[in-house]
Amino acid sequence: MTGTDTSAADAAKEAAGRAAAALVQPGMRVGLGTGSTVHWTIVALGERHAELGLTCVATSQRTHELATGLGLRVVTPDEARRLDITIDGADEVDEAANLTKGGGGAHTREKIVAAMADRFVVVVDGSKLVPRLGPFGTPLEVLDFAPAVVADAVAALGAVRVERSEARSDNDNALLRAYFPPIEDPAALAAALAAIPGIVEHGIFLGTTVDDVFVADVAGVRRRPGGRSR
Ligand code: 5RP
């Protein structure tokens, strides 16, 4: 990637993140995702925090620090219980709005906070669009007790490679990345991964849980319907 490509991608991330922030109304309860795209949503909300008076839930320690540093009020998921909207990034988005998430190791908290919300909005630059999920690798948060046993079970589902990350999740669990051939049936793979003992959470988010996808590139920002609003 050249310097020009990098700055174009950065500009697209900012455009997508800021566009989604415009959906947030005063007094809302807002789930805040993790990553370099939703970073800009959080910055935009922080710029208006006094006027908006939001109650937010953060999906990671990093997001918590960013949001509170910008003056946003952040509470725990149990204090909020329900959210009006959650906005988050993604590592891959297919045509049915199925997502790969967890490139930042935060997908367990991200899935909880997405499920708490009446509306789940995804913000990406155009490089995240794929015909089929898979090339990025599917992030897995796993217990330390038997990660190699979990990796064997994931390989038995068809993963050609399972790598262990040196990073750990905010929940202090191990992180794996499983590389499958292009995923033809994300719902079936999600169910099979969820059934493996020792996997705390996998990074496949089904399109049927997504309301909107904001995609930005050099041509501007466009909103695609998620699978829940089709
Ligand atoms: C973190 C995530 C992020 O949303 C995902 O990695 C996208 O990040 P970025 O906007 O930096 O590309 O799932 O766990």
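## Reading salt bridges, burial and ligand contacts

Modeller: In this predicted model, a salt bridge joins the side chains of Asp118 and Arg82, at 3.1 Å from N to O. The two partners come from distant parts of the chain, 36 residues apart: Asp118 belongs to strand E7 (residues 117–125), and Arg82 to the loop between helix H5 (77–80) and strand E4 (83–88). Residues are numbered from 1 along each chain as its sequence is written, and side-chain values use heavy atoms, without hydrogens and water. Because the model is predicted, local features need pLDDT of at least 70 and side-chain atom pairs count only at pLDDT 80 or more, whereas totals for chains, interfaces and linings use all residues.

Biologist: What counts as a salt bridge, and to how many does the count come?

Modeller: The rule asks for a side-chain nitrogen of Lys or Arg within 4 Å of a carboxyl oxygen of Asp or Glu. The count comes to 17 salt bridges.

Biologist: How many residues apart are Glu14 and Arg18 in helix H1?

Modeller: In general, an α-helix has 3.6 residues a turn, so residues three or four places apart point the same way. Glu14 and Arg18 are four residues apart in helix H1 (residues 3–21), and about one helical turn therefore separates them. They form a salt bridge whose closest N and O atoms are 2.9 Å apart.

Biologist: Is Asp212 buried or exposed?

Modeller: Relative accessible area decides this: buried is under 20%, exposed is over 50%, and partly exposed is in between (1.4 Å probe, protein chains only). Asp212 has 3% relative accessibility, so it counts as buried. Its salt-bridge partner Arg223, at 2.3 Å from N to O, links another distant part of the chain, with Arg223 in strand E14 (residues 220–225) and Asp212 in strand E13, eleven residues apart. Arg223 is partly exposed, since its relative accessible area is 48%. Elsewhere, salt bridges with shared partners connect Asp144, Arg164, Arg168 and Asp172 in one network.

Biologist: Where is Asp211 found, and what does its side chain reach?

Modeller: A polar contact is a pair of N or O atoms within 3.5 Å; within protein, one atom must be able to donate a hydrogen and the other to accept it, and residues adjacent in sequence count only if both atoms are side-chain atoms. Asp211 sits in the loop between strand E12 (204–205) and strand E13 (212–217). Its side chain reaches the backbone nitrogen of Phe120 at 2.8 Å. Asp211 counts as buried because its relative accessibility is 11%.

Biologist: Why is helix H2 largely enclosed by the rest of the structure?

Modeller: Helix H2 (residues 38–47) is largely enclosed because seven of its ten residues are buried. They are Val38, Thr41, Ile42, Val43, Ala44, Leu45 and Gly46.

Biologist: How many residues surround the ligand, and how much of its accessible area does the protein cover?

Modeller: A residue is near a molecule if one of its heavy atoms lies within 4 Å of it. Here 17 residues surround the ligand, the closest being Ser36, Thr37, Asp91, Gly102 and Lys128. Ligand oxygen atoms lie 3.2 Å from a polar side-chain atom of Lys13, 3.4 Å from a side-chain N or O atom of Asp88, and 2.9 Å from a side-chain N or O atom of Lys101. The ligand on its own has 380 Å² of accessible area (Shrake-Rupley method, 1.4 Å probe), of which the protein covers 91%.

Terms used. Helices (H or I, at least four residues) and strands (E, at least two) are DSSP runs, numbered from the N terminus.
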